Amino acid sequence: MLPQRNLAMMMDLYEMTMANGYFNRPEHEAWVSFDVFYRKNPDGGGFAIFAGLEQILEYLEQLHFTKEDVDYLRSLGLYKEGFLDWLQQYRFRGDVTALREGTVMYPNEPIMTVYAPLIDAQLVETFILTQMNHQSLVATKANRIVQAAQGRSVSDFGARRAHNVDAAVYGARAAYIGGVDSTATVLAGQQFGIPVSGTMAHSWVMYHEDEYTAFAQFAECYPDSTVLLVDPQKPWKQNVFSDCRAERLHKTMMKEGKRTLPPESLESIRGYVRKQLAEEIWPEEQRFENPHLHFVDMSPAYYEMKIRLLEQAQNGKKSSQ
């Protein structure tokens with residue numbers, strides 16, 4: 001469990017606005033049922049994985065409005081004093097039923113049902129959807145990647161690309177639910193007991209005189225748990241620098257306000273482009289930098305295709321794709 005925080009105000013404004021509207025009606029204590037569901041699986045998948053339940057239950061147990069919360073709401077000039085006074089004594093009073101966290105779920109089925117007084121059910125809508133949607137999406141995508149890895153170890157290291165600190169920590173939790181083996185996010189490891197793993201950063205490699213020395217020094221520090229960084233950004237260039245000659249690409253076009261290079265015809269420029277593509281750039285550069293049929297990103301379908309193509313290459317098979 002993360003340190004307790006008051007997250008009562010983590011809601012869309014209209015939740016509070018509707019609650020105030022209900023409060024001024026005689027039936028505001030009527031009990032209602034709110035069902036949580038989703039309409040389609042992400043990325044055309046066959047299912048999703050439910051995650052985020054623990055944080056939802058913690059929030060509901062701790063839900064209350066502080067004096068500072070009520071003072072801020074008063075400053076908006078939208079709510080009557082009777083409603084604001086009522087909020088200062090508020091605690092969640094409802095019942096919740098839900099799937100077990102980690103359940104494989106499908107569109108248009110109730111994932112969670114909140115049975116509570118009308119105002120209670122309305123106030124908690126935003127937080128429930130925020131936690132469930134984010135963690136369930138991450139858990140689902142993580143599971144797709146784990147399946148595509150076919151038994152290989154998979155680790156979460158998405159903190160630096162997460163939308164904020166909470167997204168990094170809860171994203172690591174959700175990824176672990178989805179099946180990854182470990183996380184690089186230390187706070188998630190501490191708070192949730194997730195195994196942590198990692199390697200060195202580019203700065204470690206750049207500090208040393210070459211990659212081999214960097215790897216050797218790292219292995220000496222961690223002889224029983226060495227994971228080496230293989231840079232996916234064109235590591236093959238390191239092997240061909242000795243075969244290259246430097247050429248000044250900038251030509252003097254004007255000097256002292258006068259043009260020094262005559263105009264070049266379009267046909268000449270087109271020929272220069274063709275010559276570079278055919279003779280002067282690495283084949284790997286043509287493959288990975290220029291537009292091609294399958295842009296490999298982290299969407300599940302493309303990720304799975306990437307893994308499949310790598311396996312075929314390792315096994316000496318030619319792909320028909």
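**A surface patch and a helix pair**

Hi everyone, let's start on the outside: Leu 13, Tyr 72, Leu 76 and Leu 78 make up a nonpolar patch on the surface, and together they have about 380 Å² of accessible area. Please keep in mind that this is a predicted model.

Let me pick out one member of that patch. Tyr 72 sits in helix H3, which covers residues 67-75.

Now to a pair of helices. For any two packed helices, the description comes down to the angle between their axes and the distance between those axes. Here, helix H1 (residues 13-23) packs with helix H4 (residues 81-88) at an angle of about 110 degrees, and the axes are 10 Å apart. So H1 is roughly perpendicular to H4.

Which residues meet there, between H1 and H4? On the H1 side you'll find Met 16, Ala 19, Asn 20 and Phe 23. Their partners in H4 are Gly 82, Phe 83, Trp 86 and Leu 87.

Let's zoom out to finish. The protein chain has 13 helices and nine strands. It is 321 residues in length, with 32% of them counted as buried. Finally, among contacts with a separation of 6 or more, 71% are between residues 24 or more positions apart.

Definitions and conventions
Residues numbered from 1 in each chain as written. Predicted model: local features only at pLDDT ≥ 70, side-chain atom pairs only at ≥ 80, totals over all residues. Heavy atoms only, no water. Patch = residues over 30% accessible without salt bridge, like charges linked within 9 Å, V, L, I, M, F, W, Y side chains within 5 Å. Areas by Shrake-Rupley, 256 points an atom, 1.4 Å probe, with all protein chains shown as cover. Salt bridge = Lys/Arg side-chain N within 4 Å of Asp/Glu carboxyl O. Helix = DSSP H or I, 4+ residues; strand = E, 2+ residues; numbered from the N terminus. Axes fitted to C-alpha atoms, helices over the stretch in contact; angles between N-to-C directions. Parallel < 35°, antiparallel > 145°, perpendicular 65-115°, else oblique. Contact = heavy atoms within 4.5 Å. Buried < 20%, exposed > 50% of the residue type's maximum accessible area, 1.4 Å probe, protein only.
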